[in-house]
Amino acid sequence: MLPIWDESISVHDDAIDAQHKKLFEIAKRAYAFSHKSADKKEIIIILKELLDYTQQHFRDEEAYMESFNFPQLENHKEKHRAIVQEMITIAKTIKNLEDFKKQIIVITKRWLLEHILQDDMEYAKFKQNTCPIHYDTPPDQKKSSQTQSSEKVKYRCDCKGKVHLVSKETHQKIQSKQTSFSCKTCKKTIQPMG
């Protein structure tokens with residue numbers, strides 16, 4: 001029996017959750033497809049659909065993680081690359097319907113479910129513990145330079161256990177009193193940690 005998506009594996013983002021649901025839906029169709037008479041060409045078509053959607057999802061998910069500066073992004077990308085490579089290898093080596101049936105269970109249980117439960121929950125937890133920043137700077141001055149350092153400085157507010165990640169450039173502006181930022185949640189001005 002294939003696992004199905006439910007709220008317990010939500011990453012608390014509607015777009016990413018919708019993509020996860022779609023991945024499970026494609027896998028379910030593939031599994032159902034494996035119970036009828038099908039030739040290798042038909043099997044490859046459904047695997048290609050799953051692979052193509054998985055690759056699109058991974059691109060979107062990586063952009064999402066980048067949007068809140070997830071510190072383990074490169075490690076997560078590597079896991080995505082490994083999953084895609086293994087899917088390609090499986091697609092090339094399937095010999096018959098029985099192989100396909102076994103492999104579709106591996107894909108959904110090991111890659112989809114375990115990857116979401118373990119790896120994706122890491123970024124979901126990180127995002128929940130990172131406060132959004134409210135910019136007190138006028139909109140035209142928010143990005144005075146398109147070149148921002150990828151290094152981030154940790155700031156705190158009055159929200160318990162939450163962290164704001166601020167670019168080096170923004171950190172320098174705060175330190176030189178050119179601008180200030182406050183947490184959208186507690187409304188307090190953020191302060192550097194440590």
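Select Cys186 to begin: at 22% relative accessibility it counts as partly exposed (buried means under 20% relative accessible area, exposed over 50%, partly exposed in between, with a 1.4 Å probe and protein chains only). You are looking at a predicted model, in which local features need pLDDT of at least 70 and side-chain atom pairs count only at pLDDT 80 or more, while totals for chains, interfaces and linings use all residues. Residues are numbered from 1 along each chain as its sequence is written, and side-chain values use heavy atoms, leaving out hydrogens and water.

**The cysteines**

A disulfide is a covalent bond between the sulfur atoms of two cysteines; here it is counted when two cysteine sulfur atoms lie within 2.5 Å. Is Cys157 buried or exposed? At 10% relative accessibility, Cys157 is buried. The closest cysteine sulfur to Cys157 is in Cys159, 3.7 Å away and too far for a bond. The structure holds zero disulfides.

**Lys188**

Next, click on Lys188, in the loop between strand S4 (181-183) and strand S5 (191-192). Helices (H or I, at least four residues) and strands (E, at least two) are DSSP runs, numbered from the N terminus. The C-alpha atoms of Lys188 and Cys157 are 6.1 Å apart, although 31 residues separate them along the chain. Lys188 is partly exposed, with a relative accessible area of 42%. Neighbours within four places in sequence aside, Lys188 is in contact (heavy atoms within 4.5 Å) with Asp158, Phe181, Ser182 and Cys183.

**The aromatic rings**

Move on to the rings: the whole structure has six aromatic pairs. Rings of Phe, Tyr and Trp (its six-membered ring) pair if their centres lie within 6.5 Å; planes under 30 degrees apart are stacked, over 60 edge-to-face and the rest tilted. Select Phe70 and Tyr123, an edge-to-face pair with centres 6.2 Å apart and 75 degrees between the planes. Phe70 lies in the loop between H2 and helix H3 (73-93) and Tyr123 in helix H4, so the pair ties together parts that are 53 residues apart in sequence. Both Phe70 and Tyr123 are buried. Finally, show Tyr64, Phe68, Phe70, Tyr123 and Phe126 together, a cluster linked by ring pairs.
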